[in-house]
Amino acid sequence: MHTSIAGGLHLSLERAHELRCTTMQIFSHNPRGWAVKEISGKDRELFHRLKKELDISPVYIHTSYLINMASQSKILRRKSINLLKEEMERADALGAEYVILHTGSAAHDDKKAARKRAVHALEAALKEGMWQAGLLLENTAGAKGDITSEVAELAEIQGKLGSLVAGVCIDTCHAFQAGYNIKKPEGTGQLAEEIEKYLGRDSVKLIHLNDSKADTGHHRDRHEHIGRGYIGTKGLKAFVRHEMFLNVPIILETPKKTDTDDIRNLKAVRKFF
Ligand SMILES: [Zn+2]
Ligand SMILES: [Zn+2]
């Protein structure tokens, strides 16, 4: 489950444990702000100890929504590079295994040129880093300007960065919105085939399992509760049970309107196995 850090970073681990999760994702700071407060020595120590004690692994850190490695603004790219470095730094401070990034978007430019900028920016951010945490690139919903909603697009960037990135995260809602109709076995099959062909099956290090508020191909990034959206129980169950994804950790980023939402969504997914 994506859990909240409200009240202290380590509380996210307790929340995950309470939900009987063995893996979790967090934002390590407010994802809608550039300002980041340093993690104190005490907080680091507390997180490390609790992570080990509660046996939560891997821990994923989702990067800030403000980061845009493909931005046409040089200033924004520079800020994005710096914040990504900071996110990696924080992941290491907490002992988190992976950092998740939406590569970027450039609505007023050719996608290919935008991807090139993203590759350069990612190289600048990652080349001198000796981080333990691995960076994962996430597929996006394909809204106007998105540069990595298709597997081949993710692969183009991953291919140029080589070992600087650790792999990819596949989000079911985003894939469905980008036009992979995973409600049906053929859609999941097509997605898996493209992953095999362009990325290699071992590159998928995380599944974001979300249902979708909109029907396939609408490029709308609106997550829905498991089984209540357009992908539905059958589609999501077949997806996670596909042999390519069967051993990949799953994180839910489903809506949290009431206290019971997480419990109910997790219960629905546990029934898949
Ligand atoms: Zn996601
Ligand atoms: Zn999303």
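These legends describe close-up views of helices in a predicted model.

**View 1. Helix 1 and its buried residues.**
Helix 1 covers residues 11-18. Its buried residues are S12, L13 and A16. They share one side of helix 1, because they cover an arc of only 100° around the axis. What covers them includes strand 1 (24-26) and helix 2 (41-54).

**View 2. Helix 7 along its length.**
Helix 7 runs over residues 185-199 and has 15 residues. From its first C-alpha to its last, helix 7 reaches 20 Å. That is close to the 21 Å expected at 1.5 Å a residue. Just after helix 7 comes G200, which takes a positive phi of about 95°.

**View 3. Helix 4 crossing helix 5.**
Two packed helices are described by the angle between their axes and the distance between the axes. Helix 4 covers residues 111-126. The axes of helix 4 and helix 5 come within 10 Å. They cross at roughly 35°. The crossing is right-handed.

**View 4. The contact of helix 4 with helix 5.**
From helix 4 come R115, A118, V119, L122 and E123. In helix 5, they meet E153, E156, I157, K160 and L161. How many residues of each class does this contact have? It has 5 nonpolar residues and 5 charged residues, but no polar ones.

**View 5. Helix 9, with buried and exposed residues.**
Helix 9 spans residues 261-270. Here D262, N265 and A268 are the buried residues. They line one face of helix 9, because they fall within an arc of 130° when seen down its axis. These buried residues pack against strand 9 (250-252). On the other side of helix 9, K267 and R270 are exposed.

Conventions:
Residues numbered from 1 in each chain as written. Chains lettered and ligands numbered in written order. Predicted model: local features only at pLDDT ≥ 70, side-chain atom pairs only at ≥ 80, totals over all residues. Buried ≥ 20, exposed ≤ 12 C-beta atoms within 10 Å, placed from the backbone. Helix = DSSP H or I, 4+ residues; strand = E, 2+ residues; numbered from the N terminus. Arc of directions from axis to C-beta. Contact = placed C-beta atoms within 7 Å. Expected span 1.5 Å × (residues − 1). Axes fitted to C-alpha atoms, helices over the stretch in contact; angles between N-to-C directions. Left-handed = near helix turned anticlockwise from the far one by under 90°. Nonpolar A, V, L, I, M, F, W, Y, C, P; charged D, E, K, R; others polar.
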